[in-house]
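Subject: A structure for you to explore

Hi there,

Here is the structure I promised to pass on to you. Have a look at it first, and then read on for what I found.

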Amino acid sequence: MMGKWGVPLLLAALLGLAPPLHAASAGKAEPATAKKAVGKKFANKKAAKPKAGAAVSSRKAAQHVAVLVDDPGHLALSSTAVLVLDQNTGEAIVEKQPDSVQPIASITKLMTAMVVLDAGLDLNEVISIGVEDVDWLKGSTSRLAVGTTMTRETALLLALMSSENRAAKALGRHYPGGLPAFVDAMKAKAALLGMESSHFEEPTGLSSNNVSTAHDLARLVAAAADYPEIRLFSTTASARLEVHGRIREFVNTNTLVRSDDWEIGLSKTGYISEAGRCLVMQATVAGKPVVIVLLDSNGKMTRVGDANRIKRWMESATIASSRRSA
């Protein structure tokens, strides 16, 4: 569910009227035991200190990168759409086509997780992977065989950390009313958050009809950051889970959560051919809490490269500003 902050404070933060929220601790991570169950116990090898509550402001689309603070040089970003927001003020630091509507791939799973948690469903309830959860659209593979069972909590972990499509689909199927009701809840949540340029039609992101903009996704990140489970699971670097009697290691699809150079409070990657490589994060950079949205990056490591370029540039700008003030 929305945590103690609730919808009013979230909307205030989105409008830049409230200070950034501080993350609560997320504790439980012990799913129930079941036949062929995944995850009798999972452990975080590294979980970043979470921060929450990005303030989001609405700005007109820019066709080129617009650097809105001191520019120490050219900031060459390869992502098609970029938005970096200052959490404290809601102001854009960097933007590039932030209102361009694009497929968002597995960034969708942040919405999936929120809908599950909003419903107050038992996280220890055991759910199963069915043939309906197999990706017949893109043909992507999965380490979760049909017939595998796991707790709803473990399915959330795998969907957010390892971007497991079958886990995300199973979460939607086991929602009261099934997938149709789940998708309706996704659309209702998007409307509540003011994501006017977004559309959702399934819980995995495999469909290219799941679309959004960088501005809308900043709102999504702001809302998702209010959920302790999402912050914890999306920044878990790796976890060892029992699958069919064997211990397997699952890792985070965002390599940056394993870097000591980054302080990340929330993270989600995405990829399908129509969307390119996507990445959204809430992080602290140069002492400043920011939301970073990178869409449609070409090349496997381009989104990571863009994130690192933004980080180095912000750190350089901070150092330069400090020297001028000295």
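Before we start, one term: two residues are in contact, or touch, when heavy atoms of theirs lie within 4.5 Å. With that in hand, take Met114, which touches Lys189, Leu193, Leu220, Ala223, Ala224, Tyr227 and Ile230, leaving aside residues up to four places away in sequence. Please keep in mind that this is a predicted model.

**The whole protein**

The protein has eight helices and 13 strands, and 57% of its 326 residues count as buried. If you take the contacts between residues at least 6 apart in sequence, 70% of them join residues at least 24 apart. The accessible surface comes to about 13100 Å², and carbon and sulfur atoms account for 52% of that.

How do helix 2 and helix 6 cross? Their axes come within 10 Å and cross at roughly 40°. The two helices are therefore oblique to each other, and their crossing is left-handed. On the helix 2 side you will find Leu110, Met111 and Met114, which meet Leu220, Val221, Ala223 and Ala224 of helix 6. Here is a handy rule for looking at such places: an α-helix has 3.6 residues a turn, so residues three or four places apart point the same way.

**An enclosed helix**

Next, find helix 4, residues 165-173. Why can we call helix 4 largely enclosed? Eight of its nine residues are buried, so the rest of the structure largely encloses it. The buried ones are Asn165, Arg166, Ala167, Ala168, Lys169, Ala170, Leu171 and Gly172. Among the elements that cover them are helix 2 (108-118), strand 6 (126-128), helix 3 (152-161) and helix 5 (178-192).

Not counting residues up to four places away in sequence, Asn165 touches Ser106, Lys109, Ser140, Thr204 and Leu206.

**Two alanines to compare**

Finally, look at the backbone of two alanines. Ala105 has a positive phi of about 50° although it is not a glycine, and Ala286 has a positive phi of about 55°, again without being a glycine. Where do they sit? Ala105 lies in the loop between strand 5 (102-103) and helix 2, while Ala286 lies in the loop between strand 12 (276-285) and strand 13 (288-297). Are they buried or partly exposed? Ala105 has 0% relative accessibility, so it counts as buried. Ala286, at 31% relative accessibility, counts as partly exposed.

Enjoy exploring, and write back with any questions!

Best wishes

Note on methods
Residues are numbered from 1 along each chain as its sequence is written. This is a predicted model: local features need pLDDT of at least 70, side-chain atom pairs count only at pLDDT 80 or more; totals for chains, interfaces and linings use all residues. Side-chain values use heavy atoms; hydrogens and water are left out. Helices (H or I, at least four residues) and strands (E, at least two) are DSSP runs, numbered from the N terminus. Buried means under 20% relative accessible area, exposed over 50%, partly exposed in between (1.4 Å probe, protein chains only). Accessible areas come from the Shrake-Rupley method with a 1.4 Å probe; for residues, only the protein chains shown count as cover. Axes are lines fitted to C-alpha atoms, for helices over the stretch in contact, and angles run from 0 to 180 degrees between N-to-C directions. Angles under 35 degrees count as roughly parallel, over 145 as roughly antiparallel, 65 to 115 as roughly perpendicular and the rest as oblique. A crossing is left-handed if the near helix is turned anticlockwise from the far one by less than a right angle, and right-handed if clockwise.
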